[in-house]
Amino acid sequence: MAQAIEKSLDYKLPPIGHALSGAVGSAIANCIVYPLDISVTRLQIEKKKKDEAGDGSFPEDKEPTLISNIVDIYRNEGGIRGLYAGLGSDTLATVLSNFIYFYCYSTLRHVQERRKERKGKDPRLGIMQELFLGAEAGLVARFFTTPVGNVTTRQQAGMRKVILEKGKMREEEQPKVTTLGILRDIWNEKGITGFWTGYRASAILVTNPSLTYFFFEQIKRVFLKLNKQRELTAFQTFLFSAVSKSLATAITYPFIFTKTNMVVGETDNEDEDEEVPSGRMTDIIRRTVREEGIVGLYRGMQAQIIKGFFNHGLMFMIKDKVAAYLTLIFYIATRRLSKDSK
């Protein structure tokens, strides 16, 4: 067994293995940090909710924070249940997104490396190739997961809207924000295309996972070379992936902020016959800059980076562990199949 483990270190895990390990890692990490995710969503739409409330529900002298939002949700929205509102759909979107992303990225990367090897070139990909492959994989993943992600965003923002509209009601009297109800609302507002609200912003956001993976691979490559290590430790994987995600988030945050407000903004369109302008993304950016300045586009960024730091760090750490076990399983299975074929 020990010999098999040592030999499996040189075995290249197929794309399906990377997809499975990414899906498992993202699901576990998402469940652990989900309260941070719902708090970040609230921070990103806080000004909109202040404007809607207009009754002192949000004291001007006390700006909400990541922690204060979590405490507020726990106290006023059903305790632990409130902190995990929308967890099911969000985890589904996360698992699908990461499974598709890692499968596409690994497949495309493998194809490019094989092509370069056949031409007698160095199989390592260049900076632009890495970024382009990540963007391609991200576009495919976003297309399939945007509808589920939009339902989740509305669920995360929905309970807050109920509290503002109904005041301090008993919990059993508060209207429940259900997945079926949100699906019906989206369909009634914009039809089938409503499920892809924010996809244009999402298309720009494909650079986020692309940049994240690129930063991680570059940091990993340099670190292993300088320290003459073969593999990263679990803590090093956590730290480097978390830092990579933080860098990518800082670069792309205005589009993350815009997408969240596009999705939530659909629920506030009181005139059912009113068409949402095709340039909604630019409209939100323009309005935010006009009312709050450039800094408004970065509202909630600190919380987003904190959430991403732990979420992505945990995901990559778990992914690497799962990938190591899957590599051994695939290696042993491949050896047995090759023996049986003989």
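Modeller: Buried here means under 20% relative accessible area, exposed means over 50%, and partly exposed is in between, with a 1.4 Å probe and protein chains only. Helices are DSSP runs of H or I with at least four residues, numbered from the N terminus. The model is predicted, with local features requiring pLDDT of at least 70 and side-chain atom pairs pLDDT 80 or more, while totals for chains, interfaces and linings use all residues. Residues are numbered from 1 along each chain as its sequence is written, and side-chain values use heavy atoms, with hydrogens and water left out.

The helix to look at is H2, residues 15-44. Of its 30 residues, 22 are buried, which leaves H2 mostly covered. Its end C-alpha atoms are only 35 Å apart, whereas a straight helix of 30 residues would span 44 Å at 1.5 Å a residue; the expected span is 1.5 Å times one less than the number of residues. H2 has a kink of about 65° at Val 33, shortly before the proline Pro 35. That bend is the angle between axes fitted to the seven residues ending at a residue and the seven starting there.

Arg 42 lies in H2 and Glu 77 in the loop between helix H4 (66-76) and helix H5 (80-83), so the pair ties together parts 35 residues apart in sequence. Arg 42 is buried, at 3% relative accessibility, and Glu 77 is buried at 3% as well. A salt bridge is counted when a side-chain nitrogen of Lys or Arg is within 4 Å of a carboxyl oxygen of Asp or Glu.

Searching the whole structure gives six salt bridges. Among the others, Asp 283 pairs with Arg 286 at 3.1 Å between the closest N and O atoms. These two are three residues apart in helix H12 (residues 280-292), which puts about one helical turn between them. Asp 283 is partly exposed, at 24% relative accessible area. Arg 299 and Glu 292 form another bridge, with closest N and O atoms 2.4 Å apart. Here Arg 299 is buried at 18%, while Glu 292 is partly exposed at 27%. Salt bridges also link Lys 12, Arg 109 and Glu 113 in a network.
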